[in-house]
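Here is a friendly walk through one model, with its strands and its aromatic rings in view. Please keep the viewer open as you read.

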Amino acid sequence: MTFLNFNLDQDLLEGLDVMGFTKPTPIQEQAIPLILEQKDLIACAQTGTGKTAAYLLPVINHLIHQERDKINTLILAPTRELAIQIDQQMIGFSYYTPLSSICIYGGGDGSSFDREKVALTKGADVIIATPGRLITHLNLGYVKFDKLQHFVLDEADRMLDMGFYEDIMRIVSYLPKKRQNLLFSATMPPKIRKLAKEILQDPEEINIAMTKPAAGIAQAVFLVYDKQKLPLIEYILKAKPVKRILIFCARKKTVKEIEQDLRKLNFDVGAIHSDLEQSERENVLRSFKNNQTPVLVATDILSRGIDVEDIELVINYDVPNDAEDYVHRIGRTARADTKGAAFTFVSEKEMFQFAQIEKLLEITVTKVKLPAQIGEGPVYNKDTARKKSFKNRGREKR
Ligand code: AMP
């Protein structure tokens, strides 16, 4: 199958060509025809499956043939990074069309707020927004959704995890009753089913979810004492210099500490967490993408949706909160059929939690012996510190 099978507009096919897309991914194969038929859709698909194009392409195709003086499509995304990434794909696909889009997210300066206001008032064709910032504009009264035709909720599960349920329902109350609703989520817990029931009408359902790590990722666990974690990173970074390494930590405090420690050891390192201004985050990410900073330390705000190619190694400095986060973190490597590696540092108190992740994903990750310089690590016992490992792991803002 190729994209020609969908009967898409020529201008859109040219955009696809520029983006280098030739063959649809499975989610695109299934979702595009349904969305073109104007059906509501609930799709269970992870980032990395091509879900963004799965909804953008049919929506753009529909839009090309519409009157274009009002906001036609609203896409809600949980984080600014994801919103920006969706907008970048939107710009690529619609390059040869007259369509306009704008990304609306918190954290910018006053001028970006004014620019957003103009776009919302004059009616950009596609609005990609994080819920909080959009609500701020809605409260000011000038946003008109009366001609809206498509409403997309991307990474709906993450939005609910981040506490956006009320905001989403509030935004929905501003939308016209007759519209196409598309909900994408990496997981389908009952709360997502409930949300879908409230928002979608008679939806078609697609399930592409393989909540399993991609086959190209070589996974390994290092059993370590906490004090061995930093020396082990240093050892790994020096042992085999790689082009791009992403180090994940559950807490922003740890991200900052590792960034400082690695700087002291003379590594070129960047860090991303929720305390940074939006422009700072973008700069750090750009410099990582451009190969100026080979090492990036981040909280889970980066674990989903962020599309940086050729990350050769992901290091989990600590065990992620749950299996989903694990899959998303290590999924940053081995994108699009390439190979990558993912190392997870597991301390004694994290063993039980990691064992839970293995159980859920039905995998057993090889436990690798520590290099001699690092010394002996703890002995593996998946029942160690059962309860302790889950206590004290409240979700802070990342
Ligand atoms: P997504 O799951 O939407 O975040 O997409 C993951 C990555 O796959 C992005 O870099 C897309 O540009 C890329 N991608 C999506 N669909 C295709 C396709 N049909 N052909 C090639 N690359 C694709």
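What follows covers one central topic, a strand and its partners, and then some aromatic pairs.

This is a predicted model, in which local features need pLDDT of at least 70, side-chain atom pairs count only at pLDDT 80 or more, and totals for chains, interfaces and linings use all residues. Residues are numbered from 1 along each chain as its sequence is written, and side-chain values use heavy atoms, leaving out hydrogens and water.

Let us begin with strand β6 (residues 180–185): 6 of its 6 residues are buried, so the strand is largely enclosed by the rest of the structure. Buried means under 20% relative accessible area, exposed over 50%, and partly exposed in between (1.4 Å probe, protein chains only). Strands (E, at least two residues) and helices (H or I, at least four) are DSSP runs, numbered from the N terminus. Gln180, Leu182 and Phe184 point one way from β6, while Asn181, Leu183 and Ser185 point the other way.

Now for the rings. Those of Phe, Tyr and Trp (its six-membered ring) pair if their centres lie within 6.5 Å; planes under 30 degrees apart count as stacked, over 60 as edge-to-face and the rest as tilted. The count comes to 9 aromatic pairs. Phe21 and Phe93 have ring centres 5.4 Å apart and planes at 80 degrees, so they are edge-to-face. Phe93 is buried at 0% relative accessibility.
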